[in-house]
Amino acid sequence: MATKVVMEALSPTMEEGRLVEWKKAEGDAVATGDVLAEVETDKAVMELVARADGVLLKRVVADGDTVPVAQVVGWIGAEGETIPEGGGTAPAAAPPAKEKDKAEAAPSAPEPAAPAPAPAAGNDRVKASPVARKIAAERGLDLGSIAGSGPDGRVIMRDLEGATAKPAAAAATIGASVFTDLPLSQMRKTIAKRLVQSIGPIPTFYLTVEVDMERAHEAREALLARDDKGKFSFNDLIIRASAEALTRHPFVNAWWMDDKIRQWQDVHVGVAVAVDEGLITPIIRHADRKTLREIAGEVRELAGRARAKKLAPEEYTGATFTVSNLGMFGIDDFTAIINPPEVAILAVGRIEQKPVVANGELEIRRRMRMTLSCDHRVVDGATGAQFLKTLVEMLENPLALVW
Amino acid sequence: MATLTYRDALNAALREEMQRDGDVYLMGEEVAEYNGAYKVSRGLLEEFGAKRVVDTPIAELGFAGIGVGSAMVGLRPVVEMMTWNFALLAIDQIVNVAAKIRYMSGGQIGCPIVFRGPGGAALQLGAQHSQAFESWYAHIPGLKVVMPATPADAKGLLKSAIRDDNPVIFIEGEMLYNLKGEVPDEEYLIPLGVADIKREGADATIVCHSKTVAPALNAAKTLEDEGLDVEVIDLRTIRPLDEAAVLRSVRKTHRLVIAEEGWGFAGVGAQVADLVQREAFDDLDAPVIRVHQADVPMPYNKHLEKAAKVDATKIAAAVRTVCYRD
Amino acid sequence: MAVSTDTAPRPTRRADADAYRDEWTDWLRMMLLIRRFEERAGEAYSIGHIGGFCHLYIGQEAVAVGTISALRDDDYVISAYREHGQALARGMTARSVMAELFGKATGCSGGKGGSMHLFDLERGFMGGHGIVGGQIPLGAGFAFAAKYRETEQLSLTYFGEAAANIGSFHEALNIAALWKLPAIFVIENNGYGMGTAVRRSAAITDLADRAASYGMPGVVVDGQDVIAVREATDEAVARARAGEGPTLMDIRTYRYVGHSMSDAPHGTYRSKDEVEEFRQRDPILVLEERMREAGLLDDAALEALEAEVTAEVADAVQFAEESPEPDADQLWTDVLAPVKEND
């Protein structure tokens, strides 16, 4: 029996998709996993793949057509097989969601509210005792980074003694993300309620600092002189420094979940990238565990694919913090809007040489202004200020990042 | 508190319950004039007479059935099996009648009876006299299975068993009869279905019962010198199983060794392990290890017999394994 | 052939029929009730209203009626799995027995027992047991309890002739005789253990002879003559009440039907002619003729009895059909005794 090809939900928020271009002609042999067509979602151009083996019997929609999610766009079946009556035209309405074909064809989209990277995907390969798994989950430990002392390297309870939430020397792979859910205290609830009444759904306040970027500039020049492959932008440095600061100020590396605060152990920094039609924020996962060189390479690669609309949903969902930099547009400073459920966003302005008083003397120095937008339900003034202080210290003394 | 042997503690329990309730009688081979094959019933014939301390022919099926029948109409017999090996001849009455008469009759007819006697191996008695059958009886809904390890438990549990309105399989140990221990002077009962923490510890749990309790405690002592703090849980009652006590301990220690005298296949330990993997899976730090008799008929030769039996050394080794110390 | 060791003359019902009009009428009625009940049970089984094993009593009615009629209400009766007739003879209602066969909540065992496990503690009917010979020591146990309590109750234990070859028979009879228990052991000898004839399962065919080895009297009784059964039972009851110990009765009878519902009345192990021959001595017919000879029964009276029992059985079937199934939670009840508040 012929199998329907339907418009799949290829992003968390996608309701319809434009079939940009068929990659298979009617009559072509197809195997499960073959790319059938390119589909433009609200965020990117994605691949629609075959969910059955056989022959592409029929293209129901043409290149360029926009169709709702779950609508039939084509049929796969045995060569010469006829498709069901009425299957050759686009139906007026999408088939019911519970229809079997749809359930098979449409992979469940990540929940927008909690797009955590596939949990336990990394852990499945790790041998660990049940209680070790439980403790690791509670304490935010990455079992994959812990050497197991049990039979066949099984991670057991004692291996977790002294392990810290941020395991050193861990390979920065997209693996399990761990977090701690904090129940809301009465005070936290009251603060949240009052502030929302006062200012809107996200009671935001702003903290601005000016950073001296002389040393950062020197460091960048030195690296560039040494190796022209060592290219990095100031923004890459800011991402790296932010990640480091986030590990020390977990309240900023968090989500507001309405009934609780989810404090992430992992640091996933979203980087706002301007694209033709707007804005997308690819994510540098585990930015706290990556070198500046890795971050620089990753940002360039992600930004390139973002502009080409080739990002996969998991590449732009699930950030725990976001950096937005308009310095390249000559903006001195600005305030950015928080991307919920994140609780803070850093807005970075341009670096400019200006006179400052240092050591009692007037000096010309490279200066940069940053503004942290904070969700007051989670981040209080002092919390935000402490985070910024750490961040400024790192940027003003980049050596601290490798210390 | 008085120090009594396990045997005398059982004797005291029988005497007290026979004094308390005229419907309680003792029946079995050699229980009266011979004073019991293991002298558990010493002095009872003199005190209660031949009507209530009844010698039987060697006819386990016959007298077990007579006991069950008398219990169906309201007496409270204590039927002594000279050893549980011989009770195999009576198992039809225990399993097909005592255990299910209440259910088959829609609740009309009960069977308040205690079958008691020594189970398991002694020393060099060979294959037919060295068998632990508790898991056979524990398999049967409608039966309770009780296995005391100490004199105090023996007395308190036997008194409860006699007062219980259900058929109770009460398995003693030939090697335990001379065990001495403190027994409270005042009257007391130990409820069926309640395990006892014989030793508290934090690093691993040994679940045991009857004759494996003493070696488990010895193993715990040895391991203490190695820096391992072992908890010893004596089940005391196999059925109903005190599941909460086992789970509480495993959730604390995360490591479990189960020691039992009988064979492993479908044994008591299999049931406990099933419970723990189901209800405390996320608390385990190591696979559960069972220590039990070698899966062979018991040999006569004393070296072979020792190799077949559970002992403190084997239990301690298992604890080291679950603690990743080997 | 063994006979009772007690040869003292006893008053005989045969000589003085008129005085027994009511009693014999009752017996005739009960035998008719059992017969009609079993016929309807067979029908209900064939249409799936009764499940599992079902062993009918047709042909053996005089055994149950002749023995049980000799008992006191507080005596104990225990049987094997062919016990519908004994349950009815003991006074259990056709409704409660039929409902049990149907597995209904209103059955005498709440639907948890079935055909092989009928119980009525109030009437001292102690089951319905499914393991051949398993009930024999139990019957001795009831007698032990009666003696222990000095109540002058006795126990009547039924089993088939094939059960006389099993260990529990020997063990229980030896102990019962040794302890002089007030017990009556009835070999309900229908000639076949399933399909195995007595001569193919025992080296002696007069099983009553075995009584001698336990030191108790053994009697052979014509099981198709309810009066003979009753008279022999009276003697055993008298012995038991007098503290003289148990009696073994070998009551010769015949079942006209198969061992259970899954076999034909005749076949490889016995001939159709044999079954027909025994039908000529149908226990109902035997009593009927005796009563007619003595002027205690006419066609009208017999028809009236027939109508009565037919209605009673029809009512029982309807009751069983209309009764509720046991509640689902009954699965979990009666496994253990209810927990006592306090000792």
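This is a predicted model: local features need pLDDT of at least 70, side-chain atom pairs count only at pLDDT 80 or more; totals for chains, interfaces and linings use all residues.

The largest nonpolar core has 225 residues. C:Met31 is one of the members that touch the most other members, and C:Met249 is another. From chain B, that group has B:Ile206, B:Val257, B:Ile315 and B:Val319. Which helix gives the most to this core? That is helix 1 of chain C, residues 21–46, with 11 residues. There is also a second, separate core, of 85 residues. Among its members are A:Ala37, A:Phe179, A:Val271 and A:Val299.

Next, how the chains meet. Between chains B and C, 35 residues of chain B are in contact with 34 residues of chain C. On the chain B side, helix 3 (60–72), helix 4 (91–98) and helix 5 (101–104) each supply at least two residues. The largest share, 10 residues, comes from helix 3 of chain B. By class, the side of chain B that touches chain C has 14 nonpolar, 16 polar and 5 charged residues.

Chain B also touches chain A. That contact takes 8 residues from chain B and 9 residues from chain A. On the chain B side the residues are 4 nonpolar, 1 polar and 3 charged.

A few words on chain A itself. Chain A has 403 residues, and 40% of them count as buried. Its secondary structure comprises 7 helices and 19 strands. If we take contacts in chain A between residues at least 6 apart in sequence, 66% join residues at least 24 apart.

Last, one helix pair in chain B. At what angle do helix 9 and helix 10 of chain B pack? Helix 9 covers residues 243–253 and helix 10 covers residues 268–279; the angle is about 60 degrees, and the axes are 10 Å apart. An angle of 65 to 115 degrees would count as roughly perpendicular. The two helices of chain B are therefore oblique to each other. Helix 9 of chain B passes helix 10 of chain B in a right-handed crossing. On helix 9, B:Glu243, B:Val246, B:Leu247 and B:Val250 meet B:Val272, B:Leu275, B:Val276 and B:Glu279 on helix 10. The residues of this contact divide into 6 nonpolar, no polar and 2 charged.

Conventions
Residues are numbered from 1 along each chain as its sequence is written. Chains are lettered from A and ligands numbered from 1 in the order in which they are written. Two residues are in contact if their C-beta atoms, placed from the backbone, lie within 7 Å. Ala, Val, Leu, Ile, Met, Phe, Trp, Tyr, Cys and Pro count as nonpolar, Asp, Glu, Lys and Arg as charged, and the others, Gly among them, as polar. Helices (H or I, at least four residues) and strands (E, at least two) are DSSP runs, numbered from the N terminus. A residue is buried if 20 or more other C-beta atoms lie within 10 Å of its own, exposed if 12 or fewer, and partly exposed in between; C-beta atoms are placed from the backbone. A nonpolar core is a set of buried Ala, Val, Leu, Ile, Met, Phe, Trp, Tyr and Cys residues joined through C-beta atoms within 7 Å. Axes are lines fitted to C-alpha atoms, for helices over the stretch in contact, and angles run from 0 to 180 degrees between N-to-C directions. Angles under 35 degrees count as roughly parallel, over 145 as roughly antiparallel, 65 to 115 as roughly perpendicular and the rest as oblique. A crossing is left-handed if the near helix is turned anticlockwise from the far one by less than a right angle, and right-handed if clockwise.
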